[in-house]
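Here are some notes for a colleague who is meeting this structure for the first time. Please keep the model open while reading them.

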Amino acid sequence: MNILFLGTGTSTGVPQIGCSCAVCTSPDPRNKRLRSSIYVEASGTRILLDSSPDLRQQALRENITDLDAVLYTHAHVDHIGGFDDLRAFCWRRTGGLPMYASPETMKTLRTMYGWAFESGKARTGYVRPEPHEATEPFRVGSVLATPLPVDHAAVDTCAYMLESGGMRLVYMPDVKSIPEASLERMKGADLLIIDGLRYDLHPTHMCLDESLAAIRAIEPGQAFLTHLSHNMDYRILSGRLPENVGAAYDGLRLSLP
Ligand SMILES: [Zn+2]
Ligand SMILES: [Zn+2]
Ligand SMILES: [Zn+2]
């Protein structure tokens with residue numbers, strides 16, 4: 001399983017418009033963060049997790065040309081705003097583009113992008129969604145995906161556990177707390193990618209101490225923090241992390257053997 005970080009920033013991206021703080025003006029490319037999303041490839045199966053408002057730029061940067069499915073964690077705009085850029089991927093395939101989301105998230109997608117979902121309005125050239133309301137494990141090619149509900153203190157949200165070749169990846173970019181049933185399923189994952197917004201407490205996201213506590217509870221082989229704000233300087237943050245935890249950055253590639 002190969003994992004590529006398309007974006008690792010919080011909803012504003014980093015730099016933030018109009019901000020002149022040390023991180024926003026930093027020359028370190030690892031402090032430049034597009035909105036959070038990852039691309040996973042496993043034995044020829046290509047999965048996008050969330051379509052960020054920066055999707056076009058991310059796909060061009062990484063030469064991503066084809067997708068087998070899009071998995072949505074929740075319907076905040078920093079995770080769905082690139083929906084219309086999925087058109088290009090639809091043009092390169094026959095049939096619709098499979099999209100998986102919780103019933104609540106799918107309802108929001110249908111409301112926001114009704115022109116693509118309503119057969120009477122859809123036109124050639126539009127995004128062609130093949131919607132799946134996912135509450136149970138499902139298969140996309142060689143990957144078994146399990147949606148795991150988490151508490152983001154805002155909208156209905158899930159993490160995804162992806163399994164392939166005996167390896168388990170958990171992607172959880174937006175989370176405030178993890179219900180016990182979901183936590184049990186995540187335990188011992190080979191790779192955990194988790195919300196690490198900032199140092200101070202936040203009402204809808206984990207702060208660093210909460211993320212590290214969740215990592216200790218899940219005991220993954222390796223963990224990476226994502227959805228980072230402009231409070232997080234890559235070098236300073238990296239220096240404060242335990243040995244099996246890293247700070248993700250845009251363009252970072254990981255692979256699980
Ligand atoms: Zn977000
Ligand atoms: Zn800033
Ligand atoms: Zn969110």
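This is a predicted model: local features need pLDDT of at least 70, side-chain atom pairs count only at pLDDT 80 or more; totals for chains, interfaces and linings use all residues.

1. Asp-78 lies in helix α2 (residues 77-80), while His-227 lies in the loop between β12 (222-226) and α8 (234-239), so the pair ties together parts that are 149 residues apart in sequence. Both Asp-78 and His-227 are buried.

2. The zinc ion (ligand 3) is coordinated by His-74 (NE2), His-76 (ND1), His-152 (NE2) and Asp-174 (OD), at 2.1 to 2.4 Å, and its donors follow the spacing H-x1-H-x75-H-x21-D along the chain. The site of the zinc ion (ligand 3) is also irregular, with angles of 93 to 166° among its four donor atoms. His-74 is buried, having a relative accessible area of 0%, whereas His-76 is partly exposed, with a relative accessible area of 25%.

3. Turning to the charged side chains, the structure holds nine salt bridges. In one of them Arg-35 pairs with Asp-54, with the closest N and O atoms 2.8 Å apart. This pair links distant parts of the chain, since Arg-35 sits in the loop between β1 (2-7) and β2 (37-42) and Asp-54 in the loop between β3 (45-49) and α1 (55-62), 19 residues apart. Arg-35 and Asp-54 are both buried.

4. Another salt bridge joins Arg-46 to Asp-68, the closest N and O atoms being 3.1 Å apart. Here strand β3, which holds Arg-46, is linked with the loop between α1 and β4 (69-71), where Asp-68 lies, 22 residues apart. Arg-46 is partly exposed at a relative accessible area of 26%, and Asp-68, at 21% relative accessibility, counts as partly exposed as well.

5. Arg-253 forms a salt bridge with Glu-62, and their closest N and O atoms are 2.9 Å apart. Because Arg-253 lies in strand β14 (residues 253-255) and Glu-62 in helix α1, the pair ties together parts that are 191 residues apart in sequence. Arg-253 counts as exposed at 56% relative accessibility, whereas Glu-62 counts as buried at 16%. Arg-61 joins Glu-62 and Arg-253 in a network of salt bridges.

6. Finally, the largest pocket has a volume of about 230 Å³. Its lining includes Leu-55, Arg-56, Asp-85, Phe-89 and Trp-91, and α1 and α3 (87-91) each supply at least two of the lining residues. By type, the lining of the largest pocket divides into seven nonpolar, one polar and four charged residues.

Note on methods: Residues are numbered from 1 along each chain as its sequence is written. Chains are lettered from A and ligands numbered from 1 in the order in which they are written. Side-chain values use heavy atoms; hydrogens and water are left out. Helices (H or I, at least four residues) and strands (E, at least two) are DSSP runs, numbered from the N terminus. Buried means under 20% relative accessible area, exposed over 50%, partly exposed in between (1.4 Å probe, protein chains only). A salt bridge is a side-chain nitrogen of Lys or Arg within 4 Å of a carboxyl oxygen of Asp or Glu. On a 1 Å grid over the protein atoms alone, a cavity is a set of points where a 1.4 Å probe fits but cannot get out, and a pocket is an open set with protein on both sides within 12 Å along at least five of seven lines; lining residues have an atom within 4 Å of a point. Grid points are joined across faces, edges and corners, and a volume is the space filled by probe spheres set on the points. Ala, Val, Leu, Ile, Met, Phe, Trp, Tyr, Cys and Pro count as nonpolar, Asp, Glu, Lys and Arg as charged, and the others, Gly among them, as polar. Donors are N, O and S atoms within 2.8 Å of the metal (3.2 Å for Na, K and Ca); water is not among the atoms, so sites may look incomplete. Four donors count as tetrahedral if all angles lie between 85 and 135 degrees; four count as square planar and six as octahedral if opposite donors are over 155 degrees apart and all others between 65 and 115; anything else is irregular.
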